[in-house]
Amino acid sequence: MSNLLASFNAGVSGLQSAQASLNTASHNIANAHTPGYTRQQVIITDSFYQNSMGAHSNLLQVGTGTVIVQTRQIRNTFLDGRYRLEFGRQGFYEQNRAAAREVEDMLGELEGEQFKTTLTDMWKAFSELAKDPGNVVNKDELVSMASQFIERAQVVRAELNTYQTSLNSEVIKQVDQINNLVSQIHELNKQIRRYEANGESANDYRDKRNECLDQLSYLIDFEVNEEKDGVITIYAEGAFLLDTHKQNFLTTEYDDITSKQNLTFQLLKPVWENGGDFFQEETLSYSHTRRTDVGSLRGLLVARGNYAANYTDTPVKPEREDFADQQEFDKAMAEFEAELEKYNNFTGASVIMSVQSQLDILVHGVVTRINDLLCQDKELVLEDGTTLTILDEDNAMVGDDANHTMGTELFSRRGVERYTEMVLVDDQGNPLKDKDGNPLVDDQGQPLKVKVYNKEDPTDIYSMYTIGQLVINPDILKDSSTLPVMYNPKSDKKDGYAMDEINKIADLENDKIGKLNPNSLTSYATSGFYDQIVGELSSQGSVWNGIIDNQEMTVASVDGERHNVMSVSTEEELSDLIKFQRCYDASSRYITTVAEMLEYLIERLG
């Protein structure tokens, strides 16, 4: 009798297993087209066995039925990890491509007219001035064209800076998305823990959680670990975004105190709400092997950069002929290598910062070359070895105004004079001496008075001929006749207007102005430098297009492999329905047979 009752329980367990399998197969078919749904499967195993000893001491085992171990999701964690990595890498490069396209649009067109046209117009104005330097109309036209050149350079620069700061809103948006997704995962963790603690399946919650993880992978790179109770932790950039019990939130703050103080230029960065930068990588450079090219948030920060770059952020490789000995050259090369590493880690890695620097190189090179030809300077070495750059008052060109003004630059730094007058005396009022020991005095024997050039200081933005600090010289705006267009009467050159010297300025259009970046081997002329900026940007955009196309194919391929594993095949599920229905019928008939046997025995025994 007891064996029949045990057999009855075995049949019931088979009935329950078949019913659970039928329900799961039906659930799979019902969600075949539900986005993010993962195919489920009931895992069934043998229950315990009843052991007894038979004839000749043989062990006899009688099964007691089946037991449902779990209803599992059919997923491949390796494919999930690879999909999220490649999807995040796609997000990184999409942010860089978007920034490149935006900057290319800014450089290509400025109110319907290309920026380089203003530069060409200025060279033409110099050519016309060289034909008739005394013509007031020609001088006024030159001043007008120079003003337009500066104004339009500043408009492009302002647009780059505005676009750079406007990305703050995108940084805030993506940080909020990260917080929201992690919050959803945190809530799903609670639901999964509660249901699975009671022995129920929480696979639908797991599907939602996996969808959130897929979306999060586009934004940042992270690691996931699942605990025994079904709860997952998320580890990103050296800290837990989500641990087993709480969520650590992100927020934004200004990149540094100077950014916060400058109300016209503020850049935000993601930080932990409880303190500390989110990204451990301090540089903007990125690498496939270091996995620093993953996540749209990092891609956004790399494309944007962390400050507004200028020409000083692009180091210039020293040339051997510019140095007196090998030791000085080697020292300069060592400094260049250090600056080159810094450039590659910051300015060169950012599409916006690199263009800001390149545009500033162009404008700085143009205005300083023009100023240096209009205001000839010379080096004066004092007895103590100090070198002063002073106005060469014996050779510098002069204006055709009544005072024959000399040393009037066309482009000035806002609020900074080109020269500072200095009397060359020591603390006791005695004339200083030159390197040969000769007293520096004028024709009357008085200490020499000179105009010392106020050099640019890379640590002081206000001292540099950078786009944001440039203005047309106020003296020339008031009176264009102060523009140096005549030979200096003291020089050994012929008297009159310096047409040859002005032609040299016009010829600067074809002068080599420098390289786009310190890694390049090619120097470009002024006339083609701007085109090369746009061309390099377009080429970089094409490279990113190729990378993104490859990433999209890789992501699609990996996602296809994932879906081959996790997606529902209606044909397979229908086949399972038939199979499990037959199992159900068999278990039902088995129970019926056992019940009839019990009924027969009870009636006979009664």
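Angles under 35 degrees count as roughly parallel, over 145 as roughly antiparallel, 65 to 115 as roughly perpendicular and the rest as oblique. Helices here are DSSP runs (H or I, at least four residues), numbered from the N terminus. The model is predicted: local features need pLDDT of at least 70, side-chain atom pairs count only at pLDDT 80 or more, and totals for chains, interfaces and linings use all residues. Residues are numbered from 1 along each chain as its sequence is written, and side-chain values use heavy atoms, with hydrogens and water left out.

Two packed helices are described by the angle between their axes and the distance between the axes. Axes are lines fitted to C-alpha atoms, for helices over the stretch in contact, with angles running from 0 to 180 degrees between N-to-C directions. Helix 3 (residues 115–131) packs with helix 12 (residues 526–566) at about 175°, and their axes lie 10 Å apart. Helix 3 and helix 12 are therefore roughly antiparallel. In contact terms (heavy atoms within 4.5 Å), Phe-115, Lys-116, Leu-119 and Trp-123 of helix 3 meet Thr-526, Tyr-530 and Asp-531 of helix 12. Four nonpolar, one polar and two charged residues make up this contact. Ala, Val, Leu, Ile, Met, Phe, Trp, Tyr, Cys and Pro count as nonpolar, Asp, Glu, Lys and Arg as charged, and the others, Gly among them, as polar.

The axes of helix 7 (residues 296–304) and helix 9 (residues 351–374) come within 4 Å and cross at roughly 5°. Helix 7 is therefore roughly parallel to helix 9. Val-302, Ala-303 and Arg-304 in helix 7 meet Val-351, Ile-352 and Met-353 in helix 9. The contact of helix 7 with helix 9 has five nonpolar, no polar and one charged residues.

Helix 5 (residues 203–219) has 17 residues. Buried residues (under 20% relative accessible area, 1.4 Å probe, protein chains only; exposed is over 50%, partly exposed in between) of helix 5 include Arg-209, Cys-212, Leu-213 and Leu-216.

Ile-185 lies in helix 4 (residues 136–197). Ile-185 is buried, at 0% relative accessible area. Beyond neighbours within four places in sequence, Ile-185 contacts Arg-209, Cys-212, Leu-213, Leu-216, Ile-232, Ile-234 and Leu-242. The C-alpha atoms of Ile-185 and Glu-211, 26 residues apart along the chain, are separated by 9.5 Å.

Cys-212 is buried at 5% relative accessible area. Cys-375 is buried at 0%. Zero disulfides (cysteine sulfur pairs within 2.5 Å) are found in the whole structure.

Key:
Helices (H or I, at least four residues) and strands (E, at least two) are DSSP runs, numbered from the N terminus. The expected span of a helix is 1.5 Å times one less than its number of residues.
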